[in-house]
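Here is a short tour to read alongside the sequence and the 3D view. Take a look first, and then we can go through it together.

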Amino acid sequence: MADTLRHAWTIARKDLLLEFRTRTAVLSAVVFTALVLTVFNFGRDPTAVATIDLAPSILWVTFSFAAILALNRAFQLELENDALEALLVSPISRTSLYLGKLVANLMFVAVVECVALPLFVLFFDVPVWRALAPLVAVIALATVGFVAVGTLFSAMVIRTRFAELMLPVLLLPFFIPPLTGAVQATARLLDGRPLSEAAGWLRLLAGYDVAFLVLATLLFPHTVDE
Amino acid sequence: MLRADGLRHAFGHVIALDDISFSLAPGRTLVIFGPNGAGKTTLLKVLAGLIRPQAGRAAVAGGRRAIGWIGHQSHLYAHLTVAENLVFWAALYDVPAGRRRARAAEVMRRLAIADQADRRVWALSRGLAQRAAIARALMHDPQVLLLDEPFTGLDLAAAAEVRALLTQLRGAGRVVVLATHNVDEGAELATDVAFQRRGRFVHFAPRGAHESAEIAEAYRRAVGAGAAGGAGGTTGG
């Protein structure tokens, strides 16, 4: 187990260093996020639907599309010079590879969310601060679920043609449960209701995380082996 | 050290491996010659554990940890430096943290790329990148080296240096399996020679005292004329 975690961290650290050098995934996801929020801001009629009713959906649609952009990159960089082949020959377990990618992807998406949340507050003027801690918990729980599934699918599609197109097509149906939970919990929190009203949705998110972390870890070796 | 028993594999109707069997003892170098599409890469991938054969079994003493792999590409990250790449791969092979930089320096020196240590891989020429790829495969001092067209992109001097290095490794008891379509390169390295055609070994034998030119002639006869031969063999114990 110690070897698995050590190898996973080695892979995650390498991915983070590569991202720091190129800034491809994070920068494009951050720009994309800003653009989506801008489009939503100017594309709605504030007199027809109250901002507070619309905001949770906008936040989570933005987060999930930005996550897909970052996830697309996860295995793409292993195809450059076919590093993936050497990773599969190396003595590390497939689980290490999955966990390493998962950790790196979580960090990418967290950075994007850290930029997106203040922009969201700026554009939509929603009262985030009074429920910040529980909102961060909702974001963390939903993000783990998104990224657990996304990392698996990103490995699955990487050797297919049109991988960048395939990923959202396969992934979005699996995003529906955590997306629903996250939107419902966020709506309650932004509305100033007590945390207990969102508890059921938080349990759904936690259950989804556990189920898909276990499933993805078990299925991942079958997606990368020829 | 390395053993293949009755390996068979096909991609649809295309037969890539057809009853391949052989074993190699420490200090042996098998050079597999064959035209494009003969199944050489598939054989190396099966030996490396990248492809599970549809029949038969391949085993390397020491498992994946004992294998040094050089495929068609460099397997290096373009935006890392050569040294960073080598240290990364050493970490995956559990080379002790305190030894990784020294080992990288040693391997780069052997491949005459020490002055490239701090250059990013994308900035290297094809030949330098190929040397860095070989350095990567040697970082964990593997017992078995599997090389697929390792001389691609190397100039004559660099190819000669790599041949000298492989000869040294053979002398140190390493097993080397090298696949190439070019019969003019690699023959002098061989202790054992195989000719592969349509997935089959149409010839497998110790090189003996045969000169490279004789091997080239035998290859042209065997593969060009589709000569039949033994489907496998055992050499060097």
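Among contacts in chain A between residues at least 6 apart in sequence, what percentage join residues at least 24 apart?

## Contacts within chain A

The figure is 86%, counted over the chain A contacts whose residues are at least 6 apart in sequence. Please keep in mind that this is a predicted model.

## The build of chain A

Chain A is made with eight helices and zero strands.

Now for its dimensions. Along the principal axes, the C-alpha atoms of chain A fill a box of roughly 60 × 35 × 25 Å. The radius of gyration of chain A is 18 Å, which agrees with a compact globule, because one with 226 residues would have a value near 17 Å. Of the 226 residues in chain A, 47% are buried.

## Where chains A and B meet

Let us turn to the contact between the two chains. Chain A brings 19 residues to this contact, and chain B brings 22 residues. On the side of chain B that touches chain A, the elements giving two or more residues are β5 (67–70) and α2 (82–92) of chain B. Which of the elements gives the most to that side of chain B? The answer is α2(B), with three residues.

Sorted by class, the side of chain B that touches chain A holds 13 nonpolar residues, seven polar ones and two charged ones.

Terms used
Residues are numbered from 1 along each chain as its sequence is written. Chains are lettered from A and ligands numbered from 1 in the order in which they are written. This is a predicted model: local features need pLDDT of at least 70, side-chain atom pairs count only at pLDDT 80 or more; totals for chains, interfaces and linings use all residues. Two residues are in contact if their C-beta atoms, placed from the backbone, lie within 7 Å. Helices (H or I, at least four residues) and strands (E, at least two) are DSSP runs, numbered from the N terminus. Ala, Val, Leu, Ile, Met, Phe, Trp, Tyr, Cys and Pro count as nonpolar, Asp, Glu, Lys and Arg as charged, and the others, Gly among them, as polar. The radius of gyration is taken over C-alpha atoms; the globule rule is 2.2 Å times the number of residues to the power 0.38. A residue is buried if 20 or more other C-beta atoms lie within 10 Å of its own, exposed if 12 or fewer, and partly exposed in between; C-beta atoms are placed from the backbone.
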